[in-house]
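The points take up salt bridges, a cavity and a surface patch in turn.

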Amino acid sequence: MATDTVVLLALAIGILFGATGQLSGFCLMSSLRGWWGEGGDGRKVRTFALAAGVAVLASQILDVTTDVDLGRSIYAVPTFSIPLIAIGGALFGYGMIMANGCGARALVLLGRGNLRSFLVLLTLGIAAQITLTGLFAPGRVSLLTETGSTIATPTIHETLASWSIAPDLGRGLTVAVVASALIIFAFWHRAFRRSPGQVAAGLVIGLLIAAGWYATGHIGADEFDPVPLASLTFIAPIAASIQFVMLSTGTALTFGVAVVGGVILGGFAAAAATRSLHLEGFTNPRSMLRYIGGGALMGIGGALALGCSIGQGLTGLSTLSLASFIAVAGILAGSALGIRGPIRLASPTP
Amino acid sequence: MTTDLRPGWTRRQAIAVTGGALAMPFVSRSALGQGAPWWQAIDAALPLIGNATPSTEGLAIDLPFISEDGSSVALGLSVDRPMTNEAYVESVHFFAPRNPSPEVADFFFSPLSGRAAIATRIRLNESQTVGAIARMSTGEVIVAEREIRITISGCLTRAETYAATDLMLTRVRVPEGLTPGMPGEVTTLINHPMETGLRADAAGNILPQNIIQRFLASYNLATVFEARPHRAIAANPYFRFFVAPPASGELYLRWEEDRGRFSEERRQITVA
C-alpha cells in the first residue's frame with residue numbers, strides 16, 4: 001500500500017537526517033551564534049544556507065517535472081495571518097536560543113544520550129499540541145480569524161505571474177535568484193569551502209527535503225486516498241509522535257511521526273559508530289527552567305508559524321511561499337534577540 | 001523507600017484502580033452496563049433492533065481515537081460472519097448521535113459481496129460515541145459502538161491532493177487476479193460536495209441540500225452492494241467494498257443524486 005511505502009521512506013529519510021545531523025553538527029542555533037556572536041564558527045550558517053538553496057532548487061525541479069504540486073502544501077494555503085506567523089516565528093527563534101537548539105537538533109542529541117533534549121522535546125510537543133488543539137487553540141483560532149488575510153497568490157512565482165510575468169519565467173527567475181543567493185553565500189566563505197563534511201551535510205539535507213516531497217507527493221499519490229503532502233518539519237510531528245506512542249492502537253502512523261523516529265535512530269546510530277554516545281543532563285536546576293521555557297516557546301511559536309527552523313526554514317522555503325519567508329524572517333528576528341541585544345542569552349551552562 | 005499509600009490500600013489495589021481509570025476514556029458508559037443503550041434515543045435505529053436482543057460480538061467499527069478534522073474521518077465497518085445464501089449480512093447502519101441528524105449511512109450487502117465490509121469517510125460534528133447496527137438475513141441483530149474525540153483542526157488542515165473539480169466525475173478500481181468466489185476489493189470515488197443544507201454562503205444564504213443519496217453496485221445484473229448515504233458522508237464520497245464474483249463478468253456502478261443527476265461506470269472483472 002502506498003502509505004506503508006511512504007512510512008518506510010519517511011523512516012529512511014529521518015535516519016539519514018539524524019545521522020547527518022549528528023556527524024556534522026547541523027544546527028540553526030549554532031549557525032546563528034557562530035555568525036552573529038563573538039568568535040564563533042562561521043561555517044555552520046553556510047551549511048544551513050547550502051541546504052536551503054539545494055532544497056529550493058531540488059524541490060522546485062520536482063514540482064515542475066513530476067506530479068508533485070507544492071502549491072497544495074500547507075505552506076501555500078492562501079489564507080493565513082501575517083502577524084501570527086511573524087510573531088510565532090519570533091517566539092520560536094527566541095525559544096531555540098533558550099533551549100540551545102531546535103526540535104530537530106534535540107531529536108539528534110537525544111539519540112546521542114542528551115537527556116536535556118528529552119525534556120525540551122516533551123515540552124515542545126505538548127506546548128505545540130496545546131496550541132493546535134488544546135487549551136490555547138480557541139484563542140489561536142480567534143486570533144487567526146481576526147488577523148488572517150487571504151492572498152490570491154500565496155507563492156512568489158504566482159505573485160510574479162499576477163504581475164504579468166510568464167509563469168515559467170517567473171518561477172525560473174525566483175529559483176535562480178533565491179537558490180544562487182544562498183549557495184553563493186555558502187561557498188563565498190573560505191573555511192566552509194574547505195570543509196567537505198559541512199558541504200556534504202548541506203547537500204544531503206537539502207536533497208532530503210526534496211525526497212520528502214517526492215515520498216508524500218509522488219509515491220503517496222493515490223486517486224482515492226492520497227497521503228497528505230509534506231516534507232521535513234518538526235513541530236506537529238513531535239507532538240504527534242508523543243500521541244502516537246500512547247494511542248497507536250487507534251491512530252495511524254504518519255510520515256512526520258516516522259521521520260521523528262528515524263531522526264532519533266539515525267542520531268543514535270551515528271553516535272554509536274563514532275563512539276560519541278554520552279549520557280548528559282542538568283547539573284543546574286535553574287537551567288532546567290530555561291530549557292523548559294525554550295521548549296514551550298518553540299512549541300507555541302512553531303505551531304503559530306506553521307513550522308520550525310527546518311519546517312519553514314528549509315521545507316517551507318522550498319515551496320517559495322510568501323508565508324514561509326515571513327516565518328523565516330520571524331525566526332531570524334527572534335534568534336537575533338536571543339543572541340544580541342538587551343534580552344540576549346549567553347550559551348547555557350547546564 | 002516505601003511509597004505512602006492511603007491507609008487500607010495495597011499496592012496491587014492501587015495499580016488495578018489506576019489501570020482501570022486510564023482505560024476509562026475509551027470504554028463508554030453503556031458498554032459498562034450503565035445507562036440506556038445508545039440506539040434507544042434514535043428513532044431511526046429502533047425499528048432496526050425491533051424485538052431482537054442484539055448481540056455485541058462480530059461487528060467491528062474501525063475509527064481513529066482522535067480526529068482533528070471532523071469533516072472527513074476514515075470509517076471502516078466489518079462484520080465477522082460468512083456470507084452464504086443461507087446466512088448473510090443484510091445491512092449495516094451507522095449512526096452519529098451527536099451530529100445534526102444521527103443517521104450517517106445505510107449499507108446493504110448480498111451473498112455476492114463475499115465479505116460484509118465497507119470503508120468510507122464520514123463527517124462528525126463533535127466528540128461522541130458512534131454506533132452501528134448490523135442485521136443478518138437470519139434475523140440476528142449485532143450492535144457496536146465506539147468513542148471518538150474530535151478536536152479543533154490544528155494548522156495542518158488536509159487539502160485533498162486529488163482532482164475534485166469535475167462534478168459527478170467518478171473513479172473506480174476493480175480487483176484483479178481473482179479466483180471464482182474469492183472476495184475482491186472495489187474502490188470508488190465520485191466528485192461531489194455533499195452539501196448538507198446547513199451551510200451558509202458568504203452572503204448568509206443557506207445553501208440547499210445536495211447529496212449523493214444512493215450508490216448501487218451490481219454484477220452481471222445481480223445486486224451486490226448498495227449504499228444509502230445521508231449528509232454525514234464526507235464530500236467526494238469514497239466507498240470501498242467487496243465483491244466475490246463466481247465467474248468473469250461486468251460490474252455496474254451507479255451513483256444517484258437527490259436532484260436527479262446520476263453517474264454510471266461499467267468495469268470488466270476477470271475471474272481465472
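**Notes on the model**

1. R81(B) and E140(B) form a salt bridge in which the closest N and O atoms are 2.7 Å apart. A salt bridge here is a side-chain nitrogen of Lys or Arg within 4 Å of a carboxyl oxygen of Asp or Glu. The pair links distant parts of the chain, 59 residues apart: R81(B) sits in the loop between β3 and β4 (89-95) of chain B, and E140(B) in the loop between β7 (128-136) and β8 (141-150) of chain B. Helices (H or I, at least four residues) and strands (E, at least two) are DSSP runs, numbered from the N terminus.

2. This is a predicted model, in which local features need pLDDT of at least 70 and side-chain atom pairs count only at pLDDT 80 or more, while totals for chains, interfaces and linings use all residues. Residues are numbered from 1 along each chain as its sequence is written, chains are lettered from A and ligands numbered from 1 in the order in which they are written, and side-chain values use heavy atoms, with hydrogens and water left out.

3. Buried means under 20% relative accessible area, exposed over 50%, and partly exposed in between (1.4 Å probe, protein chains only).

4. Over all chains, the structure holds 18 salt bridges. In chain A, the side chains of E280(A) and R116(A) meet in one of them, at 3.1 Å from N to O. Because E280(A) lies in the loop between α13 (255-273) and α14 (285-304) of chain A and R116(A) in helix α6 of chain A, the pair ties together parts that are 164 residues apart in sequence. E280(A) is buried at 18% relative accessibility, and R116(A) is buried at 10%.

5. A further salt bridge joins R254(B) to E256(B), with 2.8 Å between the closest N and O atoms. Salt bridges that share partners join R214(B), E226(B), R228(B), R254(B), E256(B) and E264(B) into one network. Within this group, E256(B) is buried, with a relative accessible area of 19%.

6. How many cavities of 30 Å³ or more does the structure hold? There is 1, and the largest cavity has a volume of about 60 Å³. A cavity is a set of points, on a 1 Å grid over the protein atoms alone, where a 1.4 Å probe fits but cannot get out; lining residues have an atom within 4 Å of a point. Grid points are joined across faces, edges and corners, and the volume is the space filled by probe spheres set on the points.

7. The lining of the largest cavity includes F17(A), F26(A), F48(A), R105(A) and I310(A). Helices α1 (2-24) and α5 (103-112) of chain A each supply at least two lining residues, and α5(A) gives the largest share, 3 residues. By class, the lining has 9 nonpolar, 1 polar and 1 charged residues. Ala, Val, Leu, Ile, Met, Phe, Trp, Tyr, Cys and Pro count as nonpolar, Asp, Glu, Lys and Arg as charged, and the others, Gly among them, as polar.

8. I126(A) lies in helix α6 (residues 115-133) of chain A and is partly exposed at 46% relative accessibility.

Conventions. 1 Å grid on protein atoms, 1.4 Å probe; cavity = no way out; pocket = protein on both sides within 12 Å on 5 of 7 lines; lining within 4 Å.
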